[in-house]
Amino acid sequence: MTTYVVCDIEADGPIPGPHSMISLGAVAVNKEGENFGECEINFLPLENAKPHSATMHWFTTEAPEALKHTQHNQISPKEGMNKFGDWLLTLPTPRVMAAHPAPLDFMWINWYIQTFLTERLEKIPFSMPFFDKNGQTAFDIKSYAAAVLKKDYKDIGRDNYSIELHDNTKHTHKAIDDAREYAQLLIKLLNHK
């Protein structure tokens, strides 16, 4: 049975490299709702990267508690990604990364894997042994929700699910909280009748 590693990241800008991932939260679940654990990492900034002013303005005005949360127990990107990789390898296989929406979170996590875990990869540019051998992909919970709920993709958002599926009032922008939230949504969608 597939292990979905539901990830959420927070970053200080729109793209990796010029900007830094400042927090990563991940929760591992399967379709049956079994929880295999979670991982939370707050990162120190990348060398030579600079926070994006508009992103930081959003954080300070819209999610100041989440920003403050990212500043606790920070570790280097190399140390943090090795911690994440070690945790992933304890989880049942096959492992698939999942996120809502996946393109954003995958971009950051894949960039950090390719940058800081290169020597641990089985075949560059793929993310084995950490994620499934079938390629460099992520399961997009938002796309899956559109298919399951028979809605147009543009009509799917964390703020417009039925309350039975998802309670957006609990969205904190703390990566680990949001990963937990999306893991629960994914389990409900996987079992939706």
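## Hairpin, sheet and pocket

In the β2–β3 hairpin, where 5 residues sit between the strands, G33 has a positive phi near 90°. This is a predicted model, so to speak: local features need pLDDT of at least 70 and side-chain atom pairs pLDDT 80 or more, while totals for chains, interfaces and linings use all residues. Residues are numbered from 1 along each chain as its sequence is written, and side-chain values use heavy atoms, leaving out hydrogens and water.

Two strands pair if DSSP finds at least two bridges between them.

| Pair | Sense | Bridges | Facing residues |
|---|---|---|---|
| β1 (residues 3–11) and β2 | antiparallel | 8 bridges | V5 and A28 |

Strand β2 (residues 21–29) is largely enclosed by the rest of the structure, because 9 of its 9 residues are buried. Buried means under 20% relative accessible area, exposed over 50%, and partly exposed in between (1.4 Å probe, protein chains only).

Now for L104, which belongs to helix α4 (residues 102–116). L104 counts as partly exposed, at 42% relative accessibility.

On to the largest pocket, with about 390 Å³ of space. Of its 19 lining residues, those closest to the centre are D8, I9, E10, L104 and H173. A pocket is an open set of 1 Å grid points, over the protein atoms alone, where a 1.4 Å probe fits, with protein on both sides within 12 Å along at least five of seven lines; lining residues have an atom within 4 Å of a point. Grid points are joined across faces, edges and corners, and the volume is the space filled by probe spheres set on them. β1 gives the most to this lining, with 4 residues.

Technical notes. Helix = DSSP H or I, 4+ residues; strand = E, 2+ residues; numbered from the N terminus.
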